[in-house]
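Dear colleague,

Please find below the structure that I am handing over to you. My notes on what was found in it follow directly after.

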Amino acid sequence: MAKVSTGTAPSELSAESELDWIQMRKDFAGVHAETTREKMARKINENPLVPIGCVATLTALGLGLWNFRKGRSQMSQYMMRARILAQGFTVVALIIGVGMTYGSKEPAKK
């Protein structure tokens, strides 16, 4: 069995951790936490081709399913092929965007 250290009492630990939280709040008082909406806007500005590809993919998928339901098999097949192309465009845009983002950042100093 492992020995338990009895160096500090539990009441002392809770007081210390409470003081740590107070100090942390003081340290990060001026830091602005990015909201979800701000993060999404920043990501879209960094790589605008990905949302365009996503919209194109969803449009082709929706139209393809709609045409399939209406019985227009030729147009449905055409839209499913367009969906594949749009997905490929989205993946390529994502890879290029990530490459540009990490390529433009300076390497970390040691």
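At 40% relative accessibility, E46 counts as partly exposed, a class that lies between buried (under 20% relative accessible area) and exposed (over 50%), taken with a 1.4 Å probe and protein chains only. Before going further, please note that this is a predicted model, in which local features need pLDDT of at least 70 and side-chain atom pairs count only at pLDDT 80 or more, while totals for chains, interfaces and linings use all residues. Residues are numbered from 1 along each chain as its sequence is written, and side-chain values use heavy atoms, with hydrogens and water left out.

E46 forms a salt bridge with R42, their closest N and O atoms being 3.1 Å apart; the term requires a side-chain nitrogen of Lys or Arg within 4 Å of a carboxyl oxygen of Asp or Glu. Both R42 and E46 belong to helix α2, where they are four residues apart, about one turn of the helix. R42 also forms a salt bridge with E34, and here the closest N and O atoms are 2.8 Å apart. The count by this rule comes to two salt bridges, and through them E34, R42 and E46 are linked in a network. R42, with a relative accessibility of 32%, counts as partly exposed, and E34, at 41%, falls into the partly exposed class as well.

**Overall make-up**

The protein chain contains four helices and zero strands, where helices (H or I, at least four residues) and strands (E, at least two) are DSSP runs numbered from the N terminus. From the N terminus on, its elements run α-α-α-α. Of the 110 residues in the protein chain, 13% are buried. The chain exposes about 9800 Å², of which carbon and sulfur atoms supply 65%; accessible areas come from the Shrake-Rupley method with a 1.4 Å probe, and for residues only the protein chains shown count as cover. Among the contacts (heavy atoms within 4.5 Å) with a separation of 6 or more, 49% are made by residues 24 or more positions apart.

Helix α3 has 22 residues (residues 49–70) and should span 32 Å at 1.5 Å a residue, which agrees with the 31 Å between its end C-alpha atoms; the expected span is 1.5 Å times one less than the number of residues. Viewed down the axis of α3, its buried residues fall within an arc of 130 degrees, so they line one face of the helix, the arc being that of the directions from the helix axis to the C-beta atoms. The residues concerned are V50, G53, T57, A60, G64 and N67, whereas the face turned away from this buried side carries the exposed residues I52, V55, L58, R69 and K70. Just after α3, G71 takes a positive phi of about 90 degrees.

The cover over the buried residues of α3 includes α4 (73–104), and the buried residues of α4 in turn pack against α3. In α4 the buried residues are S76, M79, M80, A86, T90, A93 and G97. This helix has 32 residues and reaches 46 Å from its first C-alpha to its last, close to the 46 Å expected.

T57, which lies in α3, counts as buried at 13% relative accessibility. Apart from neighbours within four places in sequence, T57 is in contact with R83, A86, Q87 and T90. P51 also lies in helix α3, but with a relative accessible area of 27% P51 is partly exposed. Although P51 and L94 are 43 residues apart in sequence, their C-alpha atoms are 9.6 Å apart in space.

**A nonpolar surface patch**

W21, M24, F28 and V31 make a nonpolar surface patch of about 450 Å². Patches are made of residues with over 30% relative accessible area and no salt bridge, like charges being joined within 9 Å and nonpolar side chains (Val, Leu, Ile, Met, Phe, Trp, Tyr) within 5 Å. V31 is placed in the loop between α1 (10–27) and α2 (36–46), and at 55% relative accessibility V31 counts as exposed.
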